[in-house]
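Please open the structure in a viewer and keep the sequence at hand.

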Amino acid sequence: TISSVAAGSLGRDDFHYTIQTLTGSDGSDGKFFASVESADGSKTEFMKLVNNNLDTFDIGVMDIFDVESSVSLKDVKCIVIKTTTDDRWLVDKVTVAYKVQAITFVNSDRVGLSTDSAEGKTELKLCSDEKFTTPITASSPSTSAC
């Protein structure tokens, strides 16, 4: 779960992000990248979503990506996911854990990611008007996880 992964990273510096995705009805073998944005407009570089030795982006599966950024954000407002492949991927939900809190974004418009414009868009930006919604602790599970 996102809570156990994020709780295990509490000793790291502020540049560590955990991104959890829930794949919808279209899985993919493509390459995907994520950038996290704050309310003040600052953002991380695009970070590759990859799990070594794991098959990712399968239909109905939650994947967890531990990524590092050279940017420390004050808060999280949006996530931008982009692709460099025409193998369509539909992400249903994305949870970003940063510092000791997490926020979940929902792809309610069901926009797919693909470089083929007939299948989707090359970039998907999901934002929330909420602040971080769930404090993460080692002893309590997150209720906002994907």
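How many helices and strands does the protein have? The protein has one helix and nine strands, where helices (H or I, at least four residues) and strands (E, at least two) are DSSP runs numbered from the N terminus. This is a predicted model, in which local features need pLDDT of at least 70, side-chain atom pairs count only at pLDDT 80 or more, and totals for chains, interfaces and linings use all residues. Residues are numbered from 1 along each chain as its sequence is written, and side-chain values use heavy atoms, with hydrogens and water left out.

**The whole chain**

Next, colour by pLDDT, the predictor's confidence in each residue, from 0 to 100. The average for the protein is 83, and 78% of the residues score at least 70. Select residues 1–12, where pLDDT stays under 50; the model has 24 contacts (heavy atoms within 4.5 Å) beyond four places in sequence for this stretch. Then select residues 134–146, where the pLDDT is also below 50 and the model has 35 contacts beyond near neighbours in sequence.

Now display the surface. By the Shrake-Rupley method with a 1.4 Å probe, the accessible surface of the protein comes to about 7200 Å², of which 48% belongs to carbon and sulfur atoms.

**The open sheet**

Return to the strands and select β3, β2, β5 and β8. In that order, these four strands form an open sheet with antiparallel pairing; two strands pair if DSSP finds at least two bridges between them. At the edges lie β3 (47–48) and β8 (123–127), each of which pairs on one side only.

Zoom in on β5 (residues 78–83), which is joined to the antiparallel β8 by five bridges. Which residue in β8 is the bridge partner of K82? The partner is E123.

**The disulfide**

Finally, select C78 and C127, which are joined by a disulfide (a pair of cysteine sulfur atoms within 2.5 Å) with an S to S distance of 2.0 Å. This pair links distant parts of the chain, since C78 is in strand β5 and C127 in strand β8, 49 residues apart. The link is right-handed, with 105° about the S-S bond.

Are the two cysteines buried or exposed? C78 counts as buried (under 20% relative accessible area) because its relative accessibility is 5%. C127, at 46%, is partly exposed, a class that lies between buried and exposed (over 50%).

Conventions:
Buried means under 20% relative accessible area, exposed over 50%, partly exposed in between (1.4 Å probe, protein chains only).
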